[in-house]
Amino acid sequence: MNTADSGESVVALVPAAGRGVRLGANMPKAFVEVGGSPMVRLAVEGLLASGAVDRIIVMVPADLVESAVALLPGSSVSPADAVQVVVGGAERTDSVRAGIAAAPDAAYFLVHDAARALTPPRLIAEVAAELRAGHAAVVPALPVVDTIKAVDGSGTVTGTPDRAGLRAIQTPQGFAADLLRAAYAADVAATDDAGLVELLGARVRTVPGDPMAFKITTALDLTLAETLAARLDLIAPLS
Ligand code: CTP
Ligand code: MG
């Protein structure tokens, strides 16, 4: 899988244990199909196609471990296999923590949401390359297109940060393994792994994100993803 020379292992952690409340499908979101493939399979295929990862650990709901193994080619519940399925947790943070615990040998982690099912392999390879170049934390970032306002509890605007200095952050997020382990050693919760690393005072490097790495969160996002998936030329590199 990993075509780089270095023997230091890059382990991808794929949080896929969410319930998908905002999508509102009748199954956990990562198992919802886009273009005929479950999101979690598309995400794993993208990681494999990047050529940048040695091992993939997928965190799923406890009752869907067998289903996940069945739909991820070459996977099992054993750490001996290149794609390992483990049980996630109640919050995303818990799921990532479960993945970290399953990879004591990792030198680098790429944490990549199953819900970013159409992420181009090229972006994954770029984050991994920046890690190997010595940056301990690397995240894809896109300029924000909307004006962002801060509001108080009653919804009244309290400020307008300068948009030029704001970025929307995607996955995969890459980390030196020891840094991510340290960030998760504390009992904290976050929607973003880099946020935990920032709390330790580490520098987080950005690389240009990709619109195709958008997170499928709502029904509108799923419609967009289905439309894109119907353009086979767009997802061909994933398969
Ligand atoms: N995730 C996870 N474990 C959780 C919660 C989320 O592994 N306890 C994963 C999701 O499966 C998803 C990714 O984290 O791939 C990003 O989370 P999000 O988009 O919020 O997905 P859900 O939590 O499933 O959706 P919602 O918040 O709408 O319920
Ligand atoms: Mg969620």
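Reply: What follows describes the ligand site and then several separate residues.

The model is a predicted one, and this should be kept in mind throughout.

Ligand 1 sits in the largest pocket. There are 18 residues around ligand 1, and those that come nearest are Pro-15, Val-21, Lys-29, Ser-95 and Lys-215.

An oxygen atom of ligand 1 lies 2.8 Å from a backbone N or O atom of Gly-20. An oxygen atom of ligand 1 also lies 3.4 Å from a backbone N or O atom of Ala-114. At Ala-90, a polar backbone atom is 3.0 Å from a nitrogen atom of ligand 1. On its own, ligand 1 has 560 Å² of accessible area, and the protein covers 88% of that area.

We may now turn to individual residues, starting with a helix. Val-96 belongs to helix α3, which comprises residues 92-101. Is Val-96 buried or exposed? Val-96 is buried, because its relative accessible area is 0%, and the limit for a buried residue is under 20%. Between the C-alpha atoms of Val-96 and Gly-153 there are 30 Å in space, while the two residues are 57 apart in sequence.

Ser-75 is placed in strand β5, which covers residues 75-76. With a relative accessible area of 13%, Ser-75 is therefore buried. A polar atom of the Ser-75 side chain lies 2.8 Å from the backbone oxygen of Leu-72.

The loops deserve attention as well. Thr-119 is found in the loop between β7 (108-111) and α4 (121-132). Its relative accessibility is 1%, so Thr-119 counts as buried. The side chain of Thr-119 has a polar atom 2.7 Å from the backbone oxygen of Arg-116. Thr-119 and Pro-73 are 46 residues apart along the chain, and their C-alpha atoms are separated by 19 Å.

Phe-214 lies in the loop between β13 (205-208) and α7 (219-230). Phe-214 is also buried, because its relative accessible area is 15%.

Asp-146 occupies the loop between β8 (137-143) and β9 (150-151). Asp-146 has a relative accessibility of 54% and so counts as exposed, the limit for that class being over 50%. The C-alpha atom of Asp-146 is 37 Å from that of Val-87, a residue 59 positions away along the chain.

Most peptide bonds are trans. The bond that joins Thr-171 and Pro-172, however, is cis, with an omega of about 10°. Pro-172 itself lies in the loop between β11 (167-169) and β12 (173-176).

Note on methods:
Residues numbered from 1 in each chain as written. Chains lettered and ligands numbered in written order. Predicted model: local features only at pLDDT ≥ 70, side-chain atom pairs only at ≥ 80, totals over all residues. Heavy atoms only, no water. Near = heavy atom within 4 Å. Polar contact = N/O pair within 3.5 Å; in protein donor to acceptor, adjacent residues only side chain to side chain. Areas by Shrake-Rupley, 256 points an atom, 1.4 Å probe, with all protein chains shown as cover. 1 Å grid on protein atoms, 1.4 Å probe; cavity = no way out; pocket = protein on both sides within 12 Å on 5 of 7 lines; lining within 4 Å. Sits in = over half its atoms within 2 Å of the grid points. Helix = DSSP H or I, 4+ residues; strand = E, 2+ residues; numbered from the N terminus. Buried < 20%, exposed > 50% of the residue type's maximum accessible area, 1.4 Å probe, protein only.
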